[in-house]
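Biologist: I have a model open on my screen. Please show me how to read it.

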Amino acid sequence: MADADDDDDRGGQANIDDDNALPPYTPTPPSTSVQARLAAGGAPSRAAALSALDALYECLPLSKLKQLSHAAMDRLEAEGASGVLHLGYGEVADAALLKIIGVASTALDGVGRPLLAMLDVGSGAGRPCVLAALATPRMQRVVGVETVASLASLSVLVNDAYREHYRPHLACAPEASAEGPDVQFVHGDAIDGEQRDYSPFDLVVCNATLFPKELAQRVYDAAAATMSPGAVLAVLSHAPSGTSLAAFTTIAQLRLRMSWGHADVHVVQRTSR
Ligand SMILES: C[S@@+](CC[C@H](N)C(=O)[O-])C[C@H]1O[C@@H](n2cnc3c(N)ncnc32)[C@H](O)[C@@H]1O
């Protein structure tokens, strides 16, 4: 997978190369108290992770990210495209993502598999991926794939700040992977395009709330075709149906508060083939 700022590796006909001007990105570095709590690991680091996340996203409020996504949708519609609502923006609430990670970790433990790698299908500006890294220092790899270029580019800027200012402290936490979790953002199509490979991941998350039913089902189809047995998939607002149903066992149905209201989260585990 290529980083989102690597133009040569962008493929996939569904990639949206919008030319939205990016808002200025000037993150606040961590205070010494946040640094110490991140490095301590365990429970104290959870609150520090949320403080760190707020600092990294302080200058990227939801309203600005929605503007970018709406501008991309307007532009596509002006070019004659229809059915672009799935590009609409909304964020999985922080507490909801932490709950999903907790449920997934328990299910993965049940099959003797640690949660080391997570994918966000449609990662927007990357907030859930960065939170997963900050709050789960044992994680080794977190990847987000986003089709709208301006959102993907913003997530790369956030990732630069995460790598420089925050990751080194996570590496000190007792439960951390050697260098702290590696986060990577890719500009691409994670459902029908070149990034449709979920096989390296223990947990795949997709905020499909604005997706039409058929697109959400294609996420399940991609997961059924590529995820390894025991891996966990969490999809917002759409349950599995059709041919992919047989590929999963439902492990939880959660009703969680999000930035726009409550959403049902369908958490399923890939059965053995
Ligand atoms: C509701 S937003 C969720 C953003 C992020 N996951 C979060 O919860 O904060 C859904 C995102 O999926 C993206 N998207 C839609 N179809 C996609 C595809 N085929 N591949 C990658 N991203 C896609 C949209 O552009 C949008 O940014």
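**Reading strands, core and ligand shell**

Modeller: Start with a hairpin: strands β6 and β7 form one, with 2 residues between them. Strands here are DSSP runs (E, at least two residues) and helices are runs of H or I (at least four), numbered from the N terminus. This is a predicted model: local features need pLDDT of at least 70, side-chain atom pairs count only at pLDDT 80 or more, and totals for chains, interfaces and linings use all residues. Residues are numbered from 1 along each chain as its sequence is written.

Biologist: How many bridges pair β6 with β7?

Modeller: Two strands pair if DSSP finds at least two bridges between them. Here β6 (residues 248-258) and β7 pair in the antiparallel sense over 10 bridges. Threonine 250 stands opposite valine 268 in β7.

Biologist: Which way does β5 run against β7?

Modeller: Strand β5 (residues 232-236) runs antiparallel to β7, joined by 5 bridges. Valine 235 has histidine 266 of β7 as its bridge partner.

Biologist: Is β7 mostly covered or uncovered?

Modeller: Count C-beta atoms, placed from the backbone: a residue is buried with 20 or more others within 10 Å of its own, exposed with 12 or fewer, and partly exposed in between. Strand β7 (residues 261-270) is mostly covered, with 7 of its 10 residues buried.

Biologist: Why does alanine 252 count as partly exposed?

Modeller: Alanine 252 lies in strand β6. It counts as partly exposed because it has 17 C-beta neighbours inside 10 Å. Contact is a separate test (C-beta atoms, placed from the backbone, within 7 Å). Leaving out residues up to four places away in sequence, alanine 252 touches Val103 and Val267.

Biologist: What about the nonpolar core?

Modeller: In soluble globular proteins, nonpolar side chains tend to be buried together. A nonpolar core is a set of buried Ala, Val, Leu, Ile, Met, Phe, Trp, Tyr and Cys residues joined through C-beta atoms within 7 Å. The largest one has 86 residues; Val130, Ala132, Leu134, Val204 and Val219 touch the most other members. Helix α6 (residues 149-170) gives the most to this core, with 11 residues. Valine 130 touches Leu53, Leu56, Val158, Tyr162 and Val183, not counting residues up to four places away in sequence.

Biologist: Which residues are closest to the ligand?

Modeller: A residue is near a molecule if its C-beta atom, placed from the backbone, lies within 6 Å of it. Here 25 residues surround the ligand, and the closest are Glu91, Gly122, Gly124, Ile191 and Asn207. The elements that give two or more residues to this shell are α5 (127-135) and β2 (141-146).

Conventions. Contact = placed C-beta atoms within 7 Å.
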